[in-house]
Amino acid sequence: MNNVIIYGAYGYTGRLIVERAVELGWTPTLAGRNLSLVKTLAEKYNLPFVSFEFDDKRSWDNALKDKDLLLNCAGPFSITIRDILPACIRNNTHYCDITGEIEVFEYIQGNDQKAKDAGIVMLPGVGFDVVPTDCLSLFLKEQLPTATHLELAFESNSGLSRGTAFSVLNRFHKGSAIRENRVIKEMAAASSNKLLPFNGKMKNAVGIAWGDVFTSFYTTGIPNIQVYTAMPEKTMNIMRKAGKWSWLIKTKLVQKMGRRIINKRIKGPGAEKRDSLMAHLYGKVWDDNGNVVEASLNTLESYKLTSITALICAEKILKGEASAGYNTPAGAFGSELIMEVEGSTRQLLD
Ligand SMILES: NC(=O)c1ccc[n+]([C@@H]2O[C@H](COP(=O)([O-])OP(=O)(O)OC[C@H]3O[C@@H](n4cnc5c(N)ncnc54)[C@H](OP(=O)(O)O)[C@@H]3O)[C@@H](O)[C@H]2O)c1
């Protein structure tokens, strides 16, 4: 796969993706705004590279004119997407990314017709957020086609990478989100919680604004969706308290201070954690007649999984397996997509 460009290539997750792409024999062009970092990474793997800012229209046109697909790893995506997606549409270049941000999915879906006109596939969310949960949603919907409600949950003990922490900080003031009767509603941070089973153990789980609140609706058509993550009660209580200060947290000063702390302290999980941890997912659907189906899914550590699913999805797009316009991972490739990743196990629960 030579005609691929990876933007944000030298970030934590970008590097994992580049490393895997090279293992698979791909020769992508590496891109990012910091020339020295992108050059060093490209030289390590003997790959072509290019450096420019995310809002540099002319450089995007030069970089994309002979490329079939962009894999965007430069998040928070809410900051970069309004420049990057139009560049792909202008240059007829397929687009995929590793976002999990609801407003980014919304923006991309809003460009559905433009992408169809340009003949390009847009597939955001090809990482841990949302591939495994999206596949679990579709699997559950296939078991219960009359489902009206979907509950998803995950447990990932990896900790955060720098970019994920930035994304959390960037949208913390918006709180949580659910989908009710097709409409997305914002809720206070950590305002809902319940006990849910993760790998057979009941744990406290908190409602969050995970990408599936947007995407699962497009994959399954289910109009009511909530996503939870396993979280100790202590952390949940801190989030609830912090939620009351969201007006302060969104100020430029606090955002700047937060970014500085994240830059200093957050590095992302090391290789040992990525290779030893597993992510545990749970899903439930029900309908108005009292029918209920539950399932669990265990899969690889979230960042390792992201590097694998991102490239599986990119390859499938390049092979022409997705249609032009906005797609979700399972919507494009089916509920079995996650089972293509070695180590994934899925089970219907009684
Ligand atoms: N879907 C998933 O499951 C999943 C998994 C992993 C990560 N993510 C998301 O992916 C994003 C990256 O995460 P990460 O941990 O790899 O972060 P990271 O280590 O901070 O890397 C981010 C990369 O994007 C670049 N970037 C960020 N803002 C940019 C901007 N305004 N203009 C140009 N380049 C910019 C960075 O370049 P500079 O260093 O020059 O700023 C860096 O190369 C985050 O939004 C994270 O939430 C999602």
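Which helix gives the most residues to the shell around the ligand?

Analyst: The helix that gives the most to the shell around the ligand is α8, with four residues. This is a predicted model, in which local features need pLDDT of at least 70 and side-chain atom pairs count only at pLDDT 80 or more, while totals for chains, interfaces and linings use all residues. Residues are numbered from 1 along each chain as its sequence is written, and side-chain values use heavy atoms, with hydrogens and water left out.

Helices (H or I, at least four residues) and strands (E, at least two) are DSSP runs, numbered from the N terminus. Besides α8 (162–171), the helices α1 (12–23), α4 (77–90) and α14 (302–318) each supply at least two residues of the shell. There are 26 residues around the ligand, and those that come nearest are Tyr10, Tyr12, Arg33, Ser161 and Arg162; a residue is near a molecule if one of its heavy atoms lies within 4 Å of it. By class, the shell holds 11 nonpolar, 12 polar and three charged residues. Here Ala, Val, Leu, Ile, Met, Phe, Trp, Tyr, Cys and Pro count as nonpolar, Asp, Glu, Lys and Arg as charged, and the others, Gly among them, as polar.

For tyrosine 10 the distance is 2.6 Å, for arginine 162 it is 2.8 Å, and for serine 167 it is 2.9 Å. The ligand on its own has 900 Å² of accessible area, of which the protein covers 90%; such areas come from the Shrake-Rupley method with a 1.4 Å probe, and for residues only the protein chains shown count as cover.

The wider setting is given by the domains, whose bounds come from an automatic or database domain assignment. The chain is divided into domain 1 (4–127 + 305–333) and domain 2 (131–302 + 340–349). Their C-alpha centres lie 23 Å apart, and the contact between them (heavy atoms within 4.5 Å) takes 28 residues from domain 1 and 31 residues from domain 2. Because both domains give residues to the shell around the ligand, the ligand lies between them.

Returning to α8, its buried residues are Ala165, Phe166, Ser167, Leu169 and Arg171, where buried means under 20% relative accessible area, exposed over 50%, and partly exposed in between (1.4 Å probe, protein chains only). The buried residues of α8 pack against α5 (102–109), β9 (183–187), α11 (246–249) and α12 (252–265).

Serine 192 is buried, with a relative accessible area of 15%. Its side chain makes a polar contact with the side chain of glutamine 226 at 2.9 Å; a polar contact is a pair of N or O atoms within 3.5 Å, and within protein one must be able to donate a hydrogen and the other to accept it, residues adjacent in sequence counting only if both atoms are side-chain atoms. Leaving aside neighbours within four places in sequence, serine 192 is in contact with residues including Met187, Gln226, Tyr228 and Arg240.
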